Every structure is written in structure tokens, then in C-alpha cells.
Amino acid sequence: MTEYRQGNGSGNGHGSGNGRFVVEDLENLTFSVNRKVFVSDDVLEGEHRAIFDKCWVYVGHASEVKNPNDFRTRQVAGRPVIFCRDRTGTVRALINSCRHRGALVCREREGNARQFYCIYHGWSYNTDGSLKGIPGDDAYPPGYDKTKKGLVPVPRLEHYKDFYFVNFDHDAPDLHTYLAGAKDYIDLIVDQSPSGRMEIISGVQEYDIKANWKLLVENSVDDYHLVTTHSTWLNYMRNSGVNVSPAKGHMLPTKGFGLDLGNGHLTTDNPNYRGRPVAKWIAVYGEEAKADIDAIRKELVERLGEARAARVADTNRNLCVFPNLVINDGSSVTVRNFFPVSPGHMRVTAWALGPVEETEAQRARRLHAFLTFYGPGGFATPDDVAALELAQQGFAAWREVPWSDLSRGMGSSQEQLATDEGHLRVFWRKWSELMEARP
Amino acid sequence: MNQPLDPGAIVTRAEVEDFLYHEAALLDDWKLDDWLALLTDDASYYVPPNDKPDADHRFTLFTVADDIVRLRERIIRLKDPNCHAEYPPSRTRRMISNVRITGVEDGLISVAANFAIFRHRRNEPVREFVGRYRHKLKRTDAGLKIHERRAILDAEELGRMGSVSFLL
């Protein structure tokens, strides 16, 4: 594990997470999170200002706006945003609000448009955001500068390997610096495509969870819960001929790790047992898929060499880019992000991601594999939702039971397993650092 | 039900309605093995994504796209107390209406219907799942069977419906 970084200590021996809500006791080896952070409107307001307004937040993938004038509308950190490619091919993120009196200028979910048009008074905008026309513009005073009346772009828009992020803070560090070690794990995902081009597959899953958004960060990378929460999925795998017996001395079929990727980003890094469309066959795929999986594997080896191919094809990762982007590269690849609606309510958006080169059969296999586990109709995600909603219900007694415990693995001075909570603590330390720093 | 095995046989709407009501009653009563017996051996069950209701599951990420193998596994899961999303089982009530026979081809009877399913769980507000069915039924010696079952939700997103953890 050359990528391994110590996920437990903070470097200064005192626990950088210590604050009002996150308390790390390095003497007694406990890590506690105050449950007020899951129920408080004040904390949520603080998160909007200290986290969502300061961090790089995922907005979309280049493949979603393939052609000039393609657009997608979405809510990003509470703002209506048009994610689009302008007439000349530049990707943009524009605030979807008319400069005149505020109405949304684009109402469709997605499409291709030569202009954005406000139905209120008819102001229109080019897809690069510049103002195109104002009905009756002779009524404006002399010197009225229409060149300054374009749609407002989100202050910062940058991408890493086609994953576009926005930042509402003009002064934020650049995205590549921000992503730190998370880039290595995005690379492992992108390397699944022979041309290095992945695409978001059509069909989006948008669902609410009646739980605090941070619980989905924890849940997405928490391998400790797998055996209990997802026993019915394990049964399904077992019934299908997949070996899901725990490895000797471990809770899961393989020994995986939880890693600190810097800047609050974290990941699991697990030897595969659950099959991978690129490229590890399991019985669920059917005998007829074996040769095809072999061929995909061969292409990987030719292009990347044995070691890198094995790294791509034989390991899974659930990656969390702080604060709210999760890419699960396991049974299939899902990209999901989520925003709080209120302390006890989040809105999740999830997509499937795949190499652009996939054949019809490969794509169908990827989508089938996705639904074995992931999504609101999958064999696992609904039970995650149930667990998170039960936790949120329990938090109603936060005054009586104020602390959640994330101490798992703290006694280990070396590696943190994926079934430990060292990587969850990475998130909480960063969260606490940002929340304590706010005015 | 001594209907002849004749792909071109005309099926009456009343017959299809009786079948759909029976199916709905089995699902509301969580008699899932009995429900499974209503399916052909090559049956499939689809819930398309809300943003692409008419898409093909081979190219588009669905909410549910089960072949008979996974559907049988889904029933095993739903009957398991460790299916946490549905334990205790949700109380559901299905209203089915606007039933139409829209075609008969290759021995398959295409059926369209509307549904409204109310799902109740303790301490939760009722969740309503409203949409249309597009089924393909097959007449067999044992009566009508489901060959393809497609539940298409009307909502723009799942949103407050949350998970589709029970059978629509």
C-alpha cells in the first residue's frame, strides 16, 4: 500500500479536530462527535457559510454537456445553476437568475438551447451568459451598460479529468491543489477507459433521505456496517455463487484500508471480491461474460502494465471528496452528491459512470451490476437510507445522549482498516477545522 | 379459467382488471411467493428513472431493472427481517384504474393502467407513488401470467418517495 497515509494521528499530537462539536482524546483514544451537529439550524447555517461557500463543490461532468449549447440545470449549494457548454465549446456554470428581476431563465432539466430566455420581461442571454437582448431597451438611460448585465458566472469553475467543481469563494485555492491525494483515486477510476474518457450514463436517481447530510458521508465509506446493514445483499451474492465469506480475522471477504487523502478527502481501498465491470468477473455476470471481461482485462494490461492494471481492476474504492461528493467504484461506478435541505433532510443525486468505449453488452452489464447494490431500488442503498433515518430519529434525544462515537481503530498505531473509523475521522477533523474557524 | 392457449385470443378488459386487482391484493398483503407464481419463467420487472421514463434499461440507469433471477432474489430479500427498509413491512394500498388493452402481439397482451400506491410506515408521513403500468401479459394453461412488468412513476424525481424498496 504505497498510497497509505496515517489516518489516525493529526501530526501535532493533540488532535486538530478538537472543538465544540468534535472531541478527540488521544490519551484515552476516543473520538466523539456531538449530535447537535445533526439537528441544529445554527450549525447548518454555519456549514453553508464555512463549508459549502468555501469548498470546491461538484457541479457536473463534461460528458453531460457534450455539444455546444448543451445545458443541465441543477441546484448547487442552494443556488440554481446552469451547467452548460457555450457556443464556442467552453464549459460554464452560470447562476440561473435573470439580472433584471431574478426569475430563472432556464427551466428545463436538460437540453440544447441557443439562448436562455426570461419569461417575465423577455430578457435573453447567450449560452456564454452574455446579455443578448432587452425588449424595449430604448427606455434605459444613456450609458446603461448592457455588457455588464450578463448572467453571473459562479465565481470559480475548474475541472479535474472532466469532473467539474464550482467554488463560491473567489479566493479559494485552485482545484488541483484542493483535491490533494483524491486525484490519485480519480485517476484509478478514469484509467478504466482506454482513452481516459468516462461518461455519465443517462438516467439520474434523485431521492431524499430524512437524515443529516453528513451521515451519508460517513455511510458511503463505512465498511463496518456492511455485514449487518447489508446481509440481504450478501445473501444475494452468496446465492449467485460469489464468495463473500469473511477473510480470516476480518469482518469482510478481503482486508481493505481506510485512507486519509489530505484536505478532508478520504477513501476506502479494498481488494475486490464483489466483481468489477472493469475487469473482474463474478458469477452474477454469467458464464457468457467471462471472455469479454478477459478482453477488457487484457486491454488494461497492454495499456497500463500488469501492476497498474491490477490496481485498477482488482481494487475497489469508495472515495469522498470533501465535503459532499462520493464516487463509489465497486460493483459499478456511482457518482453521487448531496445537499442539506434542513438539518434532518438531504437531497441526493446519483449517476452511473462508465468508459465511453463500452459496447452495448458491457454497458448493460455495468448497469445491471450497479443495481445489484446501489440506488433507491438496489439491494443495499434502501437499507442504508433506513439506517440513516433511524439514526436521525435517535438524534432527537441529542441532549440526553449527546455524543456519537467514532473511536474504532484508534488503538492501532499503524494501518486503519476500512472497517475502522480512521477515515471517517478525517472528514470530521476537516469539518471541525472549518467550522471552528468561522467568525 | 379454461381458456385455450391461443396467442390471438381476445382477452376482455374485465379479465385483465380481475388479474391486476388480484395481483395488487397479493402485493398489499405481502403474499410475495403467491405473487411470484403469477410471473412467467422469463419475466422482468422495471422501474425506469424519473427523468427518462421511456428509456431502455440496457443504455440507461434505471431505478429497478430485474430479470427473473434477480426478481426471485428480491423476493427472498423482501421476506427477510434484515431487509431493513421494509421491516416491519410497509403498509401499502394500491389503487389501479384506467385499465386498457393496448395490443396483442406474439401471444403477449399489452396492458396499460394507472396506479396510485399509498405507503405507510410508523412515524412517517404517507408516501404516494403515482404512475402508469405498462405490462405484457401472457395467457397460459394456468391463466394470465406477467411476462413484463413496468411501473413508470409520474414524479419528476423520487424526492420524498425516497427508496423504491417495495414492489411498485
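Guide: Helices (H or I, at least four residues) and strands (E, at least two) are DSSP runs, numbered from the N terminus. This is a predicted model: local features need pLDDT of at least 70, side-chain atom pairs count only at pLDDT 80 or more, and totals for chains, interfaces and linings use all residues. Residues are numbered from 1 along each chain as its sequence is written, and chains are lettered from A and ligands numbered from 1 in the order in which they are written.
Visitor: How many helices and strands has chain B?
Guide: Chain B has three helices and six strands. Their order along the sequence is α-α-β-β-α-β-β-β-β.
Visitor: What share of chain B is buried?
Guide: Of its 168 residues, 33% count as buried. A residue is buried if 20 or more other C-beta atoms, placed from the backbone, lie within 10 Å of its own, exposed if 12 or fewer, and partly exposed in between.
Visitor: Turning to chain A, how many helices and strands are there?
Guide: Chain A has 11 helices and 21 strands. Its radius of gyration is 23 Å, close to the 22 Å from the globule rule for 439 residues, so chain A is as compact as a globular protein of that length. Buried residues make up 48% of chain A.
Visitor: Which residues of α8(A) are buried?
Guide: In α8(A), residues 306–314, they are A309(A), V312(A) and A313(A). These residues lie on the same side of α8(A), because they cover an arc of only 85° around the axis; the arc is that of the directions from the helix axis to the C-beta atoms.
Visitor: What do they pack against?
Guide: They pack against α3 (182–190) and α7 (290–304) of chain A.
Visitor: How many residues are in contact between chains A and B?
Guide: 35 residues of chain A are in contact with 31 residues of chain B, a contact meaning that the C-beta atoms, placed from the backbone, lie within 7 Å.
Visitor: Which element gives the largest share on the chain A side?
Guide: That is α9(A), with seven residues.

Methods. Contact = placed C-beta atoms within 7 Å. Rg over C-alpha atoms; globule rule 2.2 N^0.38 Å.
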